[in-house]
Structure formats: C-alpha cells, structure tokens
Amino acid sequence: MKTVNVIEISGDGDDVLGLQAFPDTPEGNKEAEEAFASCLRENGPVAEDVVEAAIEEGYWEIGDYTVLLVHSR
C-alpha cells in the first residue's frame, strides 16, 4: 500500500517520536501536509513561506528535532 508518512525524530534519528501514515491520494497528501505543517508550528513560530518550503523539501529541522514528509513506494 502506498502511503504518505509524517515522521518525527530526535537526536541522531534513533528516537522516533511519532509516525502518521496517510493514503497516497490527493486527500491523503493534503492531510499529510497539514499534519507536517502542524508539527512545525508546534515547535515554535514558523513563517508561512518556511512551512511551504519545508513541505516542498519534505524535511524540517530545529535543534535535535526533525520532521520528515515521505512517500512510500
């Protein structure tokens, strides 16, 4: 099953803080992008252009916290 995943990790990647999976559909992609953006905003004030760029990259990091937006195959 193809999915879009939002993965939150800390440290050197050994500690998975959260994993959310959504179907790889237009609706699922939108939900995943909203969840990803929510993770960014929960970790401090983030400008909207930064959020949009992070969604495009599928990656955002602050300190030892990282959130990924990943499509499975």
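This protein has 2 helices and 4 strands, and the model you are looking at is a predicted one. Reading from the N terminus, the elements follow the order β-β-α-α-β-β. The radius of gyration is 12 Å, close to the 11 Å that the globule rule gives for 73 residues, so the protein is as compact as a globular protein of that length. Here is a friendly tour, topic by topic.

**Overall dimensions**

- Along the principal axes, the C-alpha trace spans about 35 × 30 × 15 Å.
- Of the 73 residues, 37% count as buried.

- The 4 strands form an open sheet in the order 2-1-4-3, and their pairing is antiparallel.
- Strand 2 (15-23) and strand 3 (59-62) are the edge strands, each pairing on one side only.
- From one strand to the next, the twist averages 10°.
- Strand 1 (residues 3-10) pairs with strand 2 in the antiparallel sense, over 8 bridges.
- To find your place in this pairing, look for E8, which stands opposite G18 in strand 2.

**The nonpolar core**

- The largest nonpolar core has 17 residues.
- Within this core, the residues with the most contacts are V6, F36, L40, W60, V67 and L69.
- Strand 1, helix 1, helix 2 (48-57) and strand 4 are the elements that give two or more residues to the core.
- Helix 1 gives the most, with 6 residues.
- In soluble globular proteins, nonpolar side chains tend to be buried together.

- S10 sits in strand 1, and T66 belongs to strand 4.
- S10 counts as buried because its relative accessible area is 15%, under the 20% cut-off.
- Apart from neighbours within four places in sequence, S10 is in contact with D15, L17 and D64.
- T66 also counts as buried, because its relative accessible area is 7%, again under 20%.
- Not counting residues up to four places away in sequence, T66 touches I7, E8, I9, Y59, W60 and E61.

**The salt bridge**

- A search of the whole structure finds 1 salt bridge.
- The side chains of E48 and R41 meet in a salt bridge, with 2.8 Å from N to O.
- E48 has a relative accessible area of 41%, so this residue is classed as partly exposed, between the 20% and 50% cut-offs.
- R41 is likewise partly exposed, with a relative accessible area of 41%.

Notes: Residues numbered from 1 in each chain as written. Predicted model: local features only at pLDDT ≥ 70, side-chain atom pairs only at ≥ 80, totals over all residues. Heavy atoms only, no water. Pairing = 2+ DSSP bridges. Axes fitted to C-alpha atoms, helices over the stretch in contact; angles between N-to-C directions. Salt bridge = Lys/Arg side-chain N within 4 Å of Asp/Glu carboxyl O. Buried < 20%, exposed > 50% of the residue type's maximum accessible area, 1.4 Å probe, protein only. Core = buried A, V, L, I, M, F, W, Y, C linked by side-chain atoms within 4.5 Å. Rg over C-alpha atoms; globule rule 2.2 N^0.38 Å. Contact = heavy atoms within 4.5 Å.
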